[in-house]
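We'll hop from stop to stop, selecting as we go.

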Amino acid sequence: MTAPLPRLSAAQVAARLGVKAETVYAYVSRGLLRREREARGSTFDALEVEAFASGRRRTAPRTPTHPTTGMPLGIVQTDIADIEDDELLYRGRRARDLMNQPFAEVVAWLWDAERVDAPDPAIGSARAMVEALPLHAGSMDRLRAAVTGFAADDPLRYDASADTAHRIGWSLITGLPVALGGRPHADVARSLVSAWGPPTDAATIAAVNAALVLLIDHDLAVSTFAARVAASARADGYAAVSAALGAADSPLHISAATRTARLLTRVRRGQEPERALTDSLQEGNGIPGFGHPLYAGGDDRATALFPLLAALPDGEGTMDAVRRLSDVVADRAGLRPNVDLALAALASGARLPEDAASTIFVLGRVAGWIAHIAAEYAEPAMRLRPRGEYVGP
């Protein structure tokens, strides 16, 4: 007999919805949520709570009572990426139309800047920083350490100009894969995949290259805004990228890719999708790998990447797990896969480490961060410093 699924407590539901416990019970009294009474108190079905949460997100937001409260707090004009009719565009071109081109060529076009590979001494400094970390250090720890190594070896980094930002960007894009243990190669995707060991099959390299392109930029994500705020204060390119990494290493941003990979691994190892999802939901922050507020009909990046994954060494088994997960979430919560699930499937199908998804995400996004940093250097300094509105006693 199948064991009953674990359920959420009222406190967990309140935390998930961002409301007080009293509000949760108000939802129950209005018939919006169902509960079961147990000896330990009221409990709730985790997937039903997630469906309710996603429905609340789709409700039109109320007009802020004050111009400096609510979301968004401000608008930053950009000519780098846009989402129109559920399609991701880079400078007016569909991202999915670019994903078969080499990542470095797409970056050179986006930046309008000729490629300059990272110098060997800088790669050596970055690799030394990574190797000094404890063995249990995660992918984001290694990336931050490597960026620090590159910065320490670059005495010319302080010029706040687009040319310097692009030079720094090329050092990171071409040098990070090698600093993380990969072999130097003109193909950035091949160099990155080699960091996780041979062999580097063509299907894996093609999928990683496509993912890097699809992840370059995505509206004004919190990490991108962090990079622009730092650039507004005229931080050097490495420091601005480090600011972006700090914002990215969070459960609601790039770290969600690793959490999604763990969810997919549970299903691949035989756990039923509903139980795997319920276990994951008990960790908080919603269903990893599903839903995105910027798309009404599904994440364009995931839709573009999934067709490439069946050809991976373990692609068929991975995509079977993806389909079973997706069916349950669509039925119970009405959500569609996002790019985090596609990245988790890529890592699983290519037999890469679970945290490879985060590394791919960051390396692709570095291209977008640098584009925004260069753009911010052309704006008045400190324009992104907001004023506080004191509301205390």
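Start by selecting β2 and β3, which make a hairpin with two residues between them. Helices (H or I, at least four residues) and strands (E, at least two) are DSSP runs numbered from the N terminus, and two strands pair if DSSP finds at least two bridges between them. This is a predicted model, where local features need pLDDT of at least 70, side-chain atom pairs count only at pLDDT 80 or more, and totals for chains, interfaces and linings use all residues. Residues are numbered from 1 along each chain as its sequence is written, and side-chain values use heavy atoms, with hydrogens and water left out.

Pick Glu36 and you'll find Thr43 of β3 opposite.

Select β4, β5 and β6, an open antiparallel sheet of three strands in the order β4-β5-β6. Its edges are β4 (81-84) and β6 (93-94), each pairing on one side only. Between β4 and β5 (residues 87-90) there are four antiparallel bridges, and Glu84 has Glu87 of β5 as its bridge partner.

Keep Glu87 on screen and show Arg94: their side chains form a salt bridge at 2.9 Å, N to O. (A salt bridge is a side-chain nitrogen of Lys or Arg within 4 Å of a carboxyl oxygen of Asp or Glu.) Arg94 is partly exposed at 30% relative accessible area, and Glu87 is partly exposed too, at 27%. For these labels, buried means under 20% relative accessible area, exposed over 50%, and partly exposed in between (1.4 Å probe, protein chains only).

How many salt bridges does the structure hold? The count is 20. Another one to click is Asp79 with Arg91, 3.0 Å from N to O. Asp79 is in the loop between α3 (46-57) and β4, while Arg91 is in the loop between β5 and β6, 12 residues apart. Asp79 is exposed at 56%; Arg91 is partly exposed at 36%.

Now jump to Arg144 and Asp249, whose side chains meet in a salt bridge of 2.8 Å, N to O. Arg144 lies in helix α6 (residues 139-152) and Asp249 in the loop between α11 (237-248) and α12 (256-268), so this pair ties together parts 105 residues apart in sequence. Both count as partly exposed: Arg144 at 28% and Asp249 at 31%. Then select Asp45, Glu274 and Arg332, which salt bridges with shared partners join into one network.

Asp82, Glu84, Asp85 and Asp219 gather in a negative patch. (Patches take residues with over 30% relative accessible area and no salt bridge, with like charges joined within 9 Å.) Asp219 comes from the loop between α9 (202-214) and α10 (222-232) and is partly exposed at 41%.

Last stop: Ile173 in helix α7 (residues 162-179). Is Ile173 buried or exposed? Ile173 is buried, with a relative accessible area of 0%. Draw a distance from its C-alpha to that of Pro199, 26 residues apart along the chain, and you'll get 22 Å.

Methods. Patches are made of residues with over 30% relative accessible area and no salt bridge: like charges are joined within 9 Å, nonpolar side chains (Val, Leu, Ile, Met, Phe, Trp, Tyr) within 5 Å. Accessible areas come from the Shrake-Rupley method with a 1.4 Å probe; for residues, only the protein chains shown count as cover. Lys and Arg count as positive and Asp and Glu as negative; His and the chain ends are not counted. The place of a charge is taken as NZ of Lys, CZ of Arg, CG of Asp or CD of Glu.
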